[in-house]
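Subject: Structure for you to look at

Hi,

Here is the structure I said I would pass on. Please open it first, then read my notes below.

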Amino acid sequence: MTQHFAPPGPIGFGGAPLGNMFEIVSDADSRATLEAAWDAGIRYFDTAPEYGPGISEHRFGEVLRNLPRDEYVLSTKVGRLLRADATKGGKHGPFVAGLPFRSDYDYSADGVRRSIEDSLQRLGLARIDVAYIHDCAEDAHGERWLEVFDTAMKGAAVALTRLREEGVIRAWGLGVNRVEPCVMALERADPDVFLLAGRYSLLNQPALETLFPRCEERGVHVVVGGPYNSGLIAGGSTFEYQQASSDKVQARDRLAAIAARHGVDLRAAALQFCAAHPVVASVIPGTKRPERVRENLELMRRPIPPDFWAELKRDGVLPESAPTPA
């Protein structure tokens, strides 16, 4: 079995919040947050053209290009090209303010090469380590997603495999919020790592029985994004970037009640649960404040009593087969 390249863990830095997700982050706070991550020992950083659009990559580059390049792993995404468009005003999806570009899907081989070159220009760096094909899944493309996925496999995946062989990148995979395209990519190509958001968490584990065993067989790794399910587990009100439904809130409250009985911070449990599975290389909670970076690292190390995990499984909150921290 080939062991593919994977970003370092157990915790990395997710760049969506620094693209002004839901609210504006100042340049000063962005810089301070990234510097805090570096000072705390984080060495994996993930961003995307989509985040801002463009502003997250700019902000990452302003900090990372002043640091020793061989000491960290950097990933970004392909599958969208940014085109100047003053009418957009920097607004794009959940990103409330960014650079004056629109984001156009392009999963072709030529689009991938241009996307990487554009990212390098925004970052001010000579290379990235990992390229994820972004959002070639049903939540982004609706009923057309299988057609879009096929285009990505025939275009982007082939180009990225070639770029890996040429040494331009070290690894590639998918960056998605759904399990199905990851399973299909393993059948059709040779990816190294998946960035899977919101599909392996205390509240939601569809990847456990469908994707993770296949990854183990192939030596493929997973980076877990959205360990707090876009904020709900951490005490917020959003699940998968939208207002959480009442059943999800009730599920979170049930988890929180069990955690309270055991004196456990639910955020610590969320991070450590994600990291406990052997295929998971890194967990990348997003944050926009320096103190939260340090807090996440402390939460990842905080002791959690075995009885807490035992109760979650006994009550059917977690599957019996889910690995939990030792």
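In these notes, contact means heavy atoms within 4.5 Å. Keep in mind that this is a predicted model.

**Helix α2**

Start with helix α2, residues 55-64. Eight of its 10 residues are buried, so the rest of the structure largely encloses this helix. Buried here means under 20% relative accessible area. The buried set is I55, S56, E57, R59, F60, G61, V63 and L64. What covers these residues? The cover includes two helices, α1 (27-39) and α3 (109-123). It also includes the strands β1 (13-14), β2 (44-46) and β3 (73-78).

**Aromatic rings**

Next, the rings. How many aromatic pairs does a search of the whole structure find? The search gives 12. Take F13 and F45 from that search: their ring centres are 6.1 Å apart and their planes meet at 40°, so this pair counts as tilted. The pair links distant parts of the chain, with F13 in strand β1 and F45 in strand β2, 32 residues apart. Both F13 and F45 are buried.

F45 also pairs with F60. That pair is edge-to-face, with 6.4 Å from centre to centre and 90° between the planes. Again distant parts of the chain are linked: F45 sits in strand β2 and F60 in helix α2, 15 residues apart. How accessible are these two residues? F45 is buried, at a relative accessible area of 0%. F60 is buried as well, with a relative accessible area of 0%.

Ring pairs join F13, W38, F45, F60 and Y72 into a cluster. R43 lies over the face of W38, 3.5 Å from the ring centre.

**Backbone points to check**

Two peptide bonds are cis. One runs from G9 to P10, with omega near 5°. P10 lies in the segment before β1. The other joins G52 and P53, where omega is about -15°. P53 is in the loop between β2 and α2.

Two residues also have positive phi without being glycine. F22 has a phi of about 70°. Its place is the loop between β1 and α1. D135 has a phi near 60°. D135 is in the loop between β6 (130-134) and α4 (138-141).

D135 is buried, with a relative accessible area of 11%.

**A buried glutamate**

Last, look at E311 in helix α13, residues 306-314. E311 is buried, with a relative accessible area of 9%. Which residues does E311 touch, leaving aside those up to four places away in sequence? The contacts are I258, R261 and H262.

Best wishes

Notes. Residues are numbered from 1 along each chain as its sequence is written. This is a predicted model: local features need pLDDT of at least 70, side-chain atom pairs count only at pLDDT 80 or more; totals for chains, interfaces and linings use all residues. Side-chain values use heavy atoms; hydrogens and water are left out. Buried means under 20% relative accessible area, exposed over 50%, partly exposed in between (1.4 Å probe, protein chains only). Helices (H or I, at least four residues) and strands (E, at least two) are DSSP runs, numbered from the N terminus. Rings of Phe, Tyr and Trp (its six-membered ring) pair if their centres lie within 6.5 Å; planes under 30 degrees apart count as stacked, over 60 as edge-to-face and the rest as tilted. A charge sits over a ring if NZ of Lys or CZ of Arg is within 6 Å of the ring centre and within 35 degrees of the ring normal.
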